[in-house]
Amino acid sequence: MSDYEDAMDVDAPKDVQFGSDNAAGKKRTVADLPVEAQDNLPWVEKYRPESLDDVSGHQDILATINRFVEAKRFPHLLLYGPPGTGKTSTVLALARRIYGNKNMRQMVLELNASDDRGIDVVREQIKTFASTKQIFSMAPQTGNEGLAGFKLIILDEADAMTSTAQMALRRIMERYTANTRFCIIANYTHKLSPALLSRCTRFRFSPLKEADIRTIVDQVVEKEGVKIQPEAVGSLVTLSKGDMRRALNVLQACHASSKPLPMRDAPNAPLPEPETITNTTIYDCIAAPHPSDIQEIMTTLLTTSDVTSCLNTINTLKATKGLALADILSALADQLQTLEVPAHTRITWLEGLAEIEWRLSGGGSEAVQTGGLVGVVRGGCELMGEKGVALT
Ligand SMILES: Nc1ncnc2c1ncn2[C@@H]1O[C@H](COP(=O)(O)OP(=O)(O)OP(=O)(O)O)[C@@H](O)[C@H]1O
């Protein structure tokens, strides 16, 4: 059944499925699922914010959206920004606030534009949904009756839509503005047509601040009884680079791998305590180079003028720890930034590292670019002459 049919098919009996509805039309939430089913859910779904208040960070955006709801005036919305920052969660929480769980099913059409991105989807599914009149009286308890008179179409990953589909969409947006609002979600605005952009109020979801990720991670750690060292939480938060989905997925993977498996010959024997998650567990799970490895590479590059031995150090670490040059490059760039060096050395490093990253992303050879990395860092050091760098 398509998303559109799913959204319109009020009486269809449903199996227990996250986000689906039961026969009475009540939207199922995570809390309605049996405890066992909840345990099997990915934590990103289990802890997806239910209400706008549960969304972490983005205070200004949430305040503006709340004002729209209170004023009962709603423009078409465009939410854009990097993955895992809460765009979809915010729109779903907003829809829940306007319609309540019960009516969401009839009033919201959620399409993932990267699945159904052709012209047919825009012409048929959206058009039919947008043009049908709402035949339900809205639940008065939401307090948003003025807003609840229109339908909401959520177009996730809209930057994957073809340009023809985007052209068709802008006509549809105009034609059905009387009873429909669009929420367009995208990672990159440059892939959306300017005509579409000008019809929406835009909100940029920037990468989440470390404190905002930590708040949710701490809550999940407590609720799930995760055994994790405080410094490992710090590393997880930093390595997530503003992506909450990444933080929760890594935490769940580390937690799963820290749990002992039942013994084959004594399956009912009580299980030993799970191992505590450490910094190393986190770095291994993310496959990020450990800080001590980066320190070793940096010390060698800055203090050894023999290029061959620099190359050997990096290649040995890459082979024994399974590190990728791209990961070494970004971690090393972060570390080099912190050093006090003359401007011309810094410029050489910044330009050179950016060049290597660009060549790697274009498919450049790891071996050749590893040599390039050594050349760039050593070249910057040579510019300093005898003085060298003071390493702490
Ligand atoms: N700001 C946030 N507050 C609380 N949880 C969040 C937040 N952002 C992301 N999450 C968590 O990460 C998961 C993924 O978030 P969501 O789908 O909203 O991201 P997105 O920005 O729409 O990403 P994408 O661009 O990849 O679709 C959510 O289920 C939720 O658990």
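Predicted model: local features only at pLDDT ≥ 70, side-chain atom pairs only at ≥ 80, totals over all residues.
Q: How are α10 and α11 oriented to each other?
A: They're oblique to each other, a label for angles that aren't under 35 degrees (roughly parallel), over 145 (roughly antiparallel) or 65 to 115 (roughly perpendicular). Helix α10 covers residues 210-224 and helix α11 covers residues 230-239, and they pack at an angle of about 125 degrees with their axes 9 Å apart. Axes are lines fitted to C-alpha atoms, for helices over the stretch in contact, and angles run from 0 to 180 degrees between N-to-C directions.

Q: What about α14 and α15, what's their crossing angle?
A: The axes of helix α14 (residues 291-303) and helix α15 (residues 307-321) come within 9 Å and cross at roughly 165 degrees. That makes α14 roughly antiparallel to α15.

Q: Which residues do the touching there?
A: On the α14 side, D293, E296, I297, T300 and L301. They meet C310, T313, I314, L317 and K321 in α15. The residues of this contact divide into five nonpolar, two polar and three charged.

Q: New topic: what's around the ligand?
A: The ligand is surrounded by 22 residues, and the closest are S56, P83, G86, T88 and S89. A residue counts as near if its C-beta atom, placed from the backbone, lies within 6 Å. The shell has ten nonpolar, eight polar and four charged residues.

Q: Which helices supply at least two residues of that shell?
A: Among them are α3 (43-46), α5 (87-107) and α12 (244-258).

Q: How many helices and strands does the chain have?
A: It comes to 18 helices and five strands. Those are DSSP runs numbered from the N terminus: helices are H or I with at least four residues, strands E with at least two.

Q: And how much of the chain is buried?
A: Buried residues make up 34% of the 392 residues. Buried means 20 or more other C-beta atoms, placed from the backbone, within 10 Å of the residue's own, exposed means 12 or fewer, and partly exposed is in between.

Q: What's up with phi at K72?
A: Phi of K72 is near 55 degrees, a positive value in a residue other than glycine. Most residues other than glycine have a negative phi. K72 is in the loop between α4 (59-70) and β1 (77-80). With 14 C-beta neighbours inside 10 Å, K72 counts as partly exposed.

Q: What about E157's phi?
A: E157 isn't a glycine either, yet has a positive phi of about 50 degrees. E157 lies in the loop between β3 (151-156) and α8 (163-175). Since E157 has 19 other C-beta atoms within 10 Å, E157 is partly exposed.

Q: Last one: where is L350?
A: L350 is in helix α17 (residues 343-361), and is partly exposed, with 15 other C-beta atoms within 10 Å.

Definitions and conventions:
Residues numbered from 1 in each chain as written. Contact = placed C-beta atoms within 7 Å. Nonpolar A, V, L, I, M, F, W, Y, C, P; charged D, E, K, R; others polar.
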